[in-house]
Structure formats: structure tokens, C-alpha cells
Amino acid sequence: MSSHTVEPSLPATSGNPESRVTGRELSRTPRPPGPRLPRRLAELVDAHALALLRATVGIVFVGFGILKLFPSASPAEQLAVDAATKMTLGLVPETVLLLSLATLETAIGIGLIAGRRLLRPALVAFFLHMGGVFSTLFLLPDAMWQPHSPAPTMEGQYVVKNVVLVAVCLVVAAHEWSRGSRARRPDGAG
């Protein structure tokens, strides 16, 4: 029994060993069959990337907002109340602060998920909310930073990780606001 392997052939050159195969000739060479699922999945994610980013951050906000409606269910509840109490100079009762934060976070999440007319107000509310979230790093330094170390505590890490959400919403906001300015230009110039 003999085995026979087929070697792939290159496009013919003009008989001159010095001649090179051009990119155009290579592009005519059929692509070998490969895994289509990863390529199709990549195309699908690429086509819907902004909606995926909006929805995932929205789901996170709805989830954590709803948690704040149930006493002691949110791991950040006391941190949020302490920071908000400091920001409001203690003039607003804790239960009102917690209910307000729960409502705000849930509304931001719904706005991000729904998009359309709710997206811009949700993004504005998101960035204002993140200003408050990051202010805890300065308002509550003992809770945010380990003593005699620049390393954040577990609560501090909980706050710092929000930089990822800010980056995602910056991408979404940049697309949303640039889309609006492109729509207003009658000549379509960029």
C-alpha cells in the first residue's frame, strides 16, 4: 500500500525563477476551509459591539441598583451610604439616600439597555454618578486605602474597578455623540 500526498502548488510564474508571485495572484488562490464559527462569531460581535457594551453595563447597573432595594443585599451598600451621607452633609436620611441610589442606578441601567431616546440622559447620569463613586476614594480614605500603603482595600478595589465601566461608556458616548453630529451636517463632511 502506498500513500500519496498532494503538495499545494503555487501559481505559475513565467518560467523565470526571479519572478515573484504578486498579491493579486495569491488572492485568487482559494482559501482553505477553516473554522467558520469563530469567524462568524467575530463578525456578529463586531456588528453589534456597541449594543453589547451598552447592554452588559446596563445589566450590571440594573442588577446592583435592584440589590440596593433589599437591606444588606448589596456589598457596597454601607460604602455608598457613607459616601452619599458625606456628600449631602448628613442632611438626607440614609434610607432616602439608598433608595435614591437604587433608583438612579436602575434607571441608568434601563437607559443603557433601551438606548434610543434614553441613551443620552442615561450616559449623562452615568458619568455624574461615576463622579460620586470615584469621590469616595477621597471622601473615605480610611475605607479605600490600606494603612501605610498605596494599595486599595477591598472596598477601594470595588470602586477602582469602575474605571472599566467608564471606559466602556466613553466608547458608547463617543459613538452616540459623533453619530448625532454626523446626522446634523447636510454635506456629510466629517
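**Legends for the close-up views**

**View 1. Ala107 sits in helix H5.** Helices here are DSSP runs of H or I with at least four residues, strands are runs of E with at least two, and numbering starts at the N terminus. We're looking at a predicted model, so local features need pLDDT of at least 70 and side-chain atom pairs count only at pLDDT 80 or more, while totals for chains, interfaces and linings use all residues. Residues are numbered from 1 along each chain as its sequence is written, and side-chain values use heavy atoms, with hydrogens and water left out. Is Ala107 buried, exposed or partly exposed? Ala107 is partly exposed because its relative accessibility is 44%; buried means under 20% relative accessible area, exposed over 50%, and partly exposed in between, with a 1.4 Å probe and protein chains only.

**View 2. H5 and H6 pack with their axes 8 Å apart.** Two packed helices are described by the angle between their axes and the distance between the axes. H5 covers residues 94–114, and the angle to H6 is about 135°, which makes the pair oblique. Axes are lines fitted to C-alpha atoms, for helices over the stretch in contact, and angles run from 0 to 180 degrees between N-to-C directions. The classes go like this: under 35 degrees is roughly parallel, over 145 roughly antiparallel, 65 to 115 roughly perpendicular, and the rest oblique. On the H5 side the contact uses Leu101, Leu104, Glu105, Ile108, Gly111 and Leu112, while H6 brings Leu119, Ala122, Leu123, Ala125, Phe126 and His129. Contact means heavy atoms within 4.5 Å. The crossing of H5 past H6 is left-handed; that label applies if the near helix is turned anticlockwise from the far one by less than a right angle, and right-handed if clockwise.

**View 3. His129 belongs to helix H6, residues 119–139.** With 10% relative accessibility, His129 counts as buried. Which side chain does His129 join in a polar contact? That would be Glu105, at 3.1 Å. A polar contact is a pair of N or O atoms within 3.5 Å; within protein, one must be able to donate a hydrogen and the other to accept it, and residues adjacent in sequence count only if both atoms are side-chain atoms. Leaving out residues up to four places away in sequence, His129 touches Phe61, Leu101, Leu104, Glu105 and Ile108.

**View 4. H4 meets both H5 and H6.** H4 and H5 cross at about 110° with axes 10 Å apart, so H4 is roughly perpendicular to H5. Glu77, Ala80, Val81, Ala84 and Thr85 of H4 make this contact with Glu94, Leu97, Leu98 and Leu101 of H5. H4 passes H5 in a right-handed crossing. The axes of H4 and H6 come within 10 Å and cross at roughly 85°; H4 and H6 are therefore roughly perpendicular as well. Here Ala83, Lys86 and Met87 in H4 face Gly132, Ser135, Thr136 and Leu139 in H6.

**View 5. Leu89 and His148 have positive phi values.** Most residues other than glycine have a negative phi, and most peptide bonds are trans. Phi is about 60° for Leu89, a residue in the loop between helix H4 (77–87) and H5. Leu89 counts as exposed because its relative accessibility is 70%. For His148, phi is near 60°, and the residue's loop runs between helix H7 (141–144) and helix H8 (154–160). His148 is exposed too, with a relative accessible area of 87%.

**View 6. Asn162 is part of helix H9, residues 162–184.** At 7% relative accessibility, Asn162 is buried. Phe134 is 28 residues away from Asn162 in sequence, with 8.4 Å between the C-alpha atoms.

**View 7. The whole chain has nine helices and zero strands.** Of its 190 residues, 27% are buried. Among contacts with a separation of 6 or more, 63% link residues 24 or more positions apart. The chain exposes about 13500 Å², with carbon and sulfur atoms supplying 66% of that; accessible areas come from the Shrake-Rupley method with a 1.4 Å probe, and for residues only the protein chains shown count as cover.
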